[in-house]
Amino acid sequence: MQRAKDRLVIVVPIALALIFLLLYFALGSLSQSIMIYMAVPLAAIGGIFALAIRGMPFSISAGVGFIVLFGVAVLNGLVLISRLNSLKEEGVMDIQERILIGTQERIRPILLTALAAIMGFFPMALSHGAGASVQRPLATVVIGGLITATLLTLIVVPILYSFVEKTGKNNNGKSGKVAINPALIAVLLGLISMAIPASASAQTQDSLQQNAPRQDSLQVEQGFTPISLQDAVEKAKANYPKLKAAQLEIENQQALKKTAWDLGTTNIFTGGEELPDSPNGDEGIYTTIGVQQQNIDVFSIGAKNRVQNEKIALSETALDLTSLQVEREVSKAWGDAYTSKRKYQLYVELDSIFSDFERAARIRYETEASSKLEYLAATNQARQVSLQKMQVYRDYLGNLQKLNLWLVSDTLFTVADAGVDEMDTPILQRKDSITSHPMLQYYERQIEVADAERNLSNKAFFPKFNAQYGRQKIAGQNGFFNFQVGISIPLFFGPELGQAQSAKIQTQIAEQNFREKQLQVNSKYKDLQQDYLKWLESWQYYEQEALPLAKEQRDGAVFAYKEGGIDYTTFLQTVRDAIGIQSKSWDALNNYLRSKYELEFFLNSAKQ
C-alpha cells in the first residue's frame with residue numbers, strides 16, 4: 001500500500017502534465033490551458049467530499065479514480081472554451097454576449113457528458129459483490145468530482161475567460177491567445193521524461209528487506225535482475241573469492257619453483273697472510289679480492305622441482321574441487337529460491353481465494369444467510385493463510401539473500417522463471433562407486449607431495465659444493481692467484497635422519513587419509529543415491545498424481561461453495577487438504593533438487 005502510494009505520487013503528476021500538454025496542443029494558448037486546468041482542483045474537491053461523506057479512506061483505486069476524473073473534468077472546460085473561441089472567430093466580439101451564447105449552447109453537452117459518466121459509475125458505487133472494495137472508491141471519486149467540476153466549471157471558467165480576454169484587450173488590443181512555443185513544449189516533455197525514470201529508479205532502489213508482499217504480484221522482483229541457474233553458476237565461478245584465492249595459490253606455487261635452484265651464498269673478501277711484524281708493506285701475502293661460493297646444493301635441484309610440481313598439481317586439484325563445491329552450493333541456493341518462489345506464488349493465489357471467501361462469508365452473515373460461527377471460521381482461516389503467505393515470503397527473501405551472497409555482485413538477482421520440467425530431469429547414468437573425483441584426487445595428490453618431500457629429505461645426506469678464487473699480491477708483486485674447491489659433508493646425521501623418518505611417516509599418514517576419504521566418499525555417495533531416489537519418487541508422485549488432483553479439488557471446492565453445493569465446513573476441510581498437498585509438493589521438489597545437485601557433485605568429475 002505504501003509503495004503504491006509512493007508510485008501514485010509520481011504517476012499522478014505525470015498524468016496531469018500530459019493532460020496540460022494535450023490542452024496546450026489543442027488550444028495553442030498558455031492562458032486558456034491554465035484556465036481549463038482549473039477544472040482539476042474543482043473536480044478534486046468533489047471527489048474528496050464524496051469519499052468523506054461515504055466514510056471511505058483514500059485507497060489505490062480512489063487514486064486511479066482521481067486520474068480518470070481529471071481527464072473527464074478537463075473535457076468539460078475544453079468543450080466550453082472551444083465554443084467561445086469559435087464564436088470570437090465568427091465575429092462575436094462582445095465578451096459578455098460571447099459567454100452567454102457559448103454557455104447556452106454547451107450546457108447541454110456538458111451536463112449530458114457528466115450525467116452519462118455519473119450514471120455509468122453509479123452501479124459500481126453501490127456494488128456489494130466480488131471486487132466491490134475496488135469499485136466503490138473509484139466510482140465514488142468520479143461521481144462526486146464530476147458533480148462539483150460540472151457545476152463550478154459553468155461558473156468559474158466563464159469568469160476566468162472574461163478576465164483573460166479583458167486583460168488581453170488592454171495589452172494593445174491583443175487577446176490572450178499565443179503561438180505555440182517550442183521551448184515550452186520541450187520543457188514539459190523534459191519534465192515528463194525525467195519523472196518516468198524517477199519512478200523506475202524508485203522501484204529498483206528497494207532492498208530485499210524493504211519489499212513487502214502483495215496479493216497480485218511478487219513485489220520483491222521489482223528492481224531485481226532474473227538469472228538462470230547456469231548463468232548463476234558461471235557468475236559465482238567468476239566472482240567468488242574462494243575460487244580467486246585457489247587460482248592465486250596455483251600462481252604462488254609456480255613462483256616458488258624458482259627456489260629449487262639453490263646455488264648457495266656468495267662471499268666477497270680481502271685479506272693477508274704471513275705478514276711480518278715490521279711496517280714494511282711490501283712483505284707478506286695479500287689477497288686483494290676474493291670470491292667464495294658456499295653450500296652449492298646440486299643434488300637437491302631435481303627433488304625440489306618435483307616437490308613444487310606436485311604442489312602445483314595439488315593446487316590445481318584444489319581449484320577443481322572448489323569449483324565443483326561452488327557449483328553445488330549455488331545450484332542448491334538457486335533451487336531453494338526457485339521452490340520458495342513457487343510456494344509463495346501458491347499462497348498469493350490462496351490468499352486471494354480466502355479473501356474472497358471471507359468477504360462472501362461477511363456478506364452472508366450481514367444478510368443473515370449464515371451464522372456468525374461461519375463468518376468467524378472464514379475470517380480465522382483467511383488470517384491463517386495470510387500469515388502463512390507472509391512466512392513463505394520471508395523464506396523467499398532469505399533464500400534470495402543466500403543466492404546473492406554466492407554471486408558477489410552489486411546487482412541484486414532473483415531466479416528466472418523456468419518450467420519445472422527444465423529442472424527435474426532425472427539423472428539416468430549413475431556409477432556403482434566413485435573412483436575418480438577431485439576430492440579423492442586432492443588426497444591422492446597429498447600422497448605425491450609427501451613422497452616428493454620424503455625424497456627431498458633424503459637429499460640432505462648428499463654433499464654440498466664449495467668454491468673459492470682470489471687474486472693475490474706476494475712481496476709486492478702482482479699476478480698471483482689462489483683457488484679452493486671442496487665439498488661439505490655432515491658428519492653427524494641426527495637432524496637429517498630425523499627429517500627423513502618424519503617425511504616417510506607423513507607419506508604413510510597421507511596414504512591412510514586417502515583410504516579413509518575413499519571410504520567416506522563412497523559411503524556418502526551410496527547414501528545420496530538412496531536419498532535421491534526417495535525424493536525423485538516422491539516428486540514424481542506429486543507432479544503426476546497429487547498436484548493435478550489437489551488443484552482440481554481446490555477449484556471444485558471454490559466453485560461448489562459459490563454455487564451453494566457445499567457448506568463452509570466442507571469447503572474449509574477440502575481446501576485445507578488441497579493446500580497441504582500443494583505445499584508439500586514444493587517441499588518435495590526442493591528436497592529432490594537438493595539431493596540431485598548433491599549427487600551431481602560426485603558425478604561431475606568428468607567435466608573437470
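View 1. K464 stands opposite S488 in β6. The model you are looking at is predicted; local features need pLDDT of at least 70, side-chain atom pairs count only at pLDDT 80 or more, and totals for chains, interfaces and linings use all residues. Residues are numbered from 1 along each chain as its sequence is written, and side-chain values use heavy atoms, with hydrogens and water left out. Strand β5 covers residues 464-474 and strand β6 covers residues 477-488; the two run antiparallel and are joined by 10 bridges. Strands here are DSSP runs (E, at least two residues), as are helices (H or I, at least four residues), and both are numbered from the N terminus. Two strands pair if DSSP finds at least two bridges between them. Further along, Q468 stands opposite Q484 in β6, and Y469 has F483 of β6 as its bridge partner. Two residues lie between the strands of this hairpin, and A475 in the turn has a positive phi of about 50°.

View 2. Strands of a sheet pair through backbone hydrogen bonds, either parallel or antiparallel. Between β3 and β5 the pairing is antiparallel and spans nine bridges. Look for T287, whose bridge partner in β5 is Q472.

**View 3. N295 in strand β3.** This residue is found in β3, which covers residues 285-296. Its phi is positive, about 55°, although N295 is not a glycine. Most residues other than glycine have a negative phi, and most peptide bonds are trans. N295 counts as partly exposed because its relative accessibility is 37%; buried means under 20% relative accessible area, exposed over 50%, and partly exposed in between (1.4 Å probe, protein chains only).

**View 4. The largest nonpolar core.** Here you can find a core of 76 residues, in which W334, F354, F357, W539, F571 and L589 touch the most other members. A nonpolar core is a set of buried Ala, Val, Leu, Ile, Met, Phe, Trp, Tyr and Cys residues joined through side-chain atoms within 4.5 Å. Among the elements that give two or more residues to this core are α8 (229-239), α11 (372-407), α13 (494-562) and α14 (568-603). The largest share, 18 residues, comes from α10. Which residues does F354 touch, not counting residues up to four places away in sequence? F354 touches Q381, A382, V385, F571, L572, V575 and I579, where contact means heavy atoms within 4.5 Å. Apart from this core lies another, of 39 residues, including A73, I118, F121 and L146.

**View 5. Helix α10 from end to end.** With 66 residues, α10 reaches 96 Å from its first C-alpha to its last, close to the 98 Å expected at 1.5 Å a residue. The expected span is 1.5 Å times one less than the number of residues in the helix. After α10 comes E368, which has a positive phi near 60°.

View 6. Q401 lies in helix α11. Is Q401 buried or partly exposed? Q401 is partly exposed, with a relative accessible area of 30%. From C-alpha to C-alpha, Q401 and F413 are 9.1 Å apart in space, and they are 12 residues apart in sequence. V408 has its place in the loop between α11 and β4. Phi of V408 is positive, near 50°, in a residue other than glycine. V408 counts as partly exposed because its relative accessibility is 38%.

**View 7. The whole chain.** To finish, take in the 14 helices and six strands of the chain. Of its 608 residues, 42% count as buried. Among contacts with a separation of 6 or more, 79% are between residues 24 or more positions apart.
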